[in-house]
Amino acid sequence: MNNSGSYLLNKKELPEGISHFTLFNAQKKPLCERLYFKRPAQRLLITAQTDKPQYAPRDKVSLQLATTNLTMQGVPANMSLAVYRLDSLATATYPNINSYLWLTSDLKGAIESPDYYLTSTGTEADEALDNLMLTHGWSRFRWEDVLTNQAVPFENPPELNGHFVRGRVTHSATGAAALDITTYLTAPGRYIRLYNSKSKSNGQIQFELKDFYGSQELVVQTDTQRDSTYHFELFSPFSAKYASPIPAQYRLSERFRTDITQRHLAAQVQNAYYKKYSTLYRVPALDSVPFYGKPSETYKLDDYTRFKVLEEVMREYVPGVQVRIRKDGFHFMVHDDPNRTVFYDNPMVLLDGVPVFNINKIMAMDPLKIQRLDVVTSRYFHGPLVYNGLVSYSTYKGDLDGFQLDPRALVQEYEGLQLQREFYAPRYETQQEKQSRRPDFRQLLYWNPEVVSAGSGNQTLSFYTSDQPGRYQVVIQGLAANGLAGSASFTFEVKGSL
């Protein structure tokens, strides 16, 4: 009627959080959008308190922490905990994980006091929330992408199992992208890892690396006995997009002078007296088992008679591999134990994890440089590839020991995942430690990104105050296994010595 229409929705049937309502014309073009927010009925309730409201410098703080939801019994929650000094630079307000996940992550721009819209109720709060939704829209996606039913590729897909190393394969002569070229990537070392990837239509390749930490040397190549006319490129692991620089006219307020001076002094004191503790890293537990698992045969060459030629080693005490000489040189024929036969094509041959496709080169190597030999006497399925057995040599240091790689292979230094830095804080458990003249000007007393709660009972965490008197803020943020998020915050005082 009068070119208008109405459609009623039951608010109770809408999901919690933000819902998008979009109006289309006959050509499926979006004309307008309206957002509606439904407050979540539950959140992760976190309770925390210290054993005292006030402490002296270098005093021990015991903090009781628990998740108290009745529905959280037995449900694990992962929380982060920070304790820092409040001044004009660090206020009592802080980003809230609950308001971010439910509200601000779906909206553009800065939202002032976002937690107000989740916790406040009544007519005034509902009107403010409605006005907030009216001023936002078109925030998450393009309807053209949704209605065409075409998946938009992730520019940066989530790295759930390991670090992604990406690159490109092109024709050496023309520079054009190469399609369906099998490439191999490895980092020579004691941990035998090998990855493969087939190039896409744009020449891109992608490898998902396991336990790849720090700066290492990567080797990328193809089977040079088949594909030898390609050029490889590895993309930088660092983003090429940078944050906008601070405007030149930006100036700090004069009221921050005292706190900035105090923080500057505190930072210099910590660098002078605790520098060696600022670079402590947590060494990850690395899987020492090679990518092919437990081999069929293993030989530690020092346990056998040492021969001067690798051909003698293979013929004398490696029964799972037959050595044959043809017109083009040496070939390996690995036994296929499950089928009681022999593979006539060469297996995958590795040296410290690096594929060697020219058997003549590996046979020319000094056997005294090889510490260990593994043999897989069956077909090995490795992603989309199938190897007719596998022969893996390991040198004593895992550094190829002078072996010359194929000149067409790409050897590049690459920065992997950074090690997790351990948070250091001094402990004053004895009277002598408390009376130490070494200054302690820490602003951040405690930081723990992985506080795990089982959902029932209390757990106690402890730390020590510094020489800095003042009011300290405790902030806990958490996310439970069932999706509930929550936070808690409170303060305590540190009084200076008289």
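**Notebook: strands, helices and cores**

I began with β26 and found that it pairs with strand β27 (residues 485-494) in the antiparallel sense, over 10 bridges. The model is a predicted one, and I read the entries below with that in mind. Within this pair I looked up tyrosine 472, whose bridge partner in β27 is phenylalanine 492. The hairpin of β26 and β27 has four residues between the strands, and there I noted glycine 483 with a positive phi near 95°.

Next I checked the other partner. Strand β6 (residues 77-85) and strand β26 (residues 470-480) run antiparallel and are joined by nine bridges. I wrote down two facing pairs: alanine 77 is opposite alanine 480 in β26, and asparagine 78 is opposite leucine 479 in β26.

I then traced the whole sheet. It is open and has five strands, in the order β4-β27-β26-β6-β24, with mixed pairing. The edges are β4 (54-55) and β24 (444-453); each has a single partner strand, so one side of each has no neighbour in the sheet. For β26 I looked up burial: nine of its 11 residues are buried, so the rest of the structure largely encloses this strand.

**Helix α5**

I turned to helix α5 (residues 257-274), which has 18 residues. From first C-alpha to last it reaches 25 Å, close to the 26 Å expected at 1.5 Å a residue. I listed its buried residues as Asp259, Ala266, Val269, Gln270 and Tyr274. These cover an arc of only 100° around the axis, which puts them on the same side of α5. On the other side of α5 I found Arg257, His264 and Ala272 exposed.

**Helix α6 and the cores**

Which residues of helix α6 (residues 310-317) are buried? I found Leu310, Val313, Met314 and Tyr317. Seen down the axis of α6, these buried residues fall within an arc of 115°, so they line one face of the helix. I looked for what covers them, and the elements include β14 (297-300), β15 (321-326), β16 (329-336), α7 (359-363), β20 and β21 (385-395).

The largest nonpolar core has 31 residues, and I noted that Met314, Phe332, Ile362, Met363 and Tyr393 touch the most other members. At least two residues of this core come from each of α6, β15, β16, β18 (348-351), α7, β20 and β21. α6 gives the most, with four residues.

Leaving aside neighbours within four places in sequence, its contacts include Met314, Val321, Val323, Pro347, Val349, Ile359, Met363, Val391 and Tyr393. Among its other contacts are Gln322, Asp345 and Asn346. I also recorded a second, separate core of 25 residues, which includes Leu44, Leu65, Val75 and Leu81.

**Threonine 377**

My last entry is on threonine 377, in strand β20 (residues 370-382). Is threonine 377 buried or exposed? With a relative accessible area of 2%, threonine 377 is buried, since the cut-off for that is under 20%. Its side chain makes a polar contact with the side chain of aspartate 337, at 2.7 Å. Not counting residues up to four places away in sequence, threonine 377 touches Ser296, Glu297, Gly320, Val334, His335, Asp336, Asp337 and Pro338.

Terms used. Residues numbered from 1 in each chain as written. Predicted model: local features only at pLDDT ≥ 70, side-chain atom pairs only at ≥ 80, totals over all residues. Heavy atoms only, no water. Pairing = 2+ DSSP bridges. Buried < 20%, exposed > 50% of the residue type's maximum accessible area, 1.4 Å probe, protein only. Polar contact = N/O pair within 3.5 Å; in protein donor to acceptor, adjacent residues only side chain to side chain. Contact = heavy atoms within 4.5 Å. Expected span 1.5 Å × (residues − 1). Arc of directions from axis to C-beta. Core = buried A, V, L, I, M, F, W, Y, C linked by side-chain atoms within 4.5 Å.
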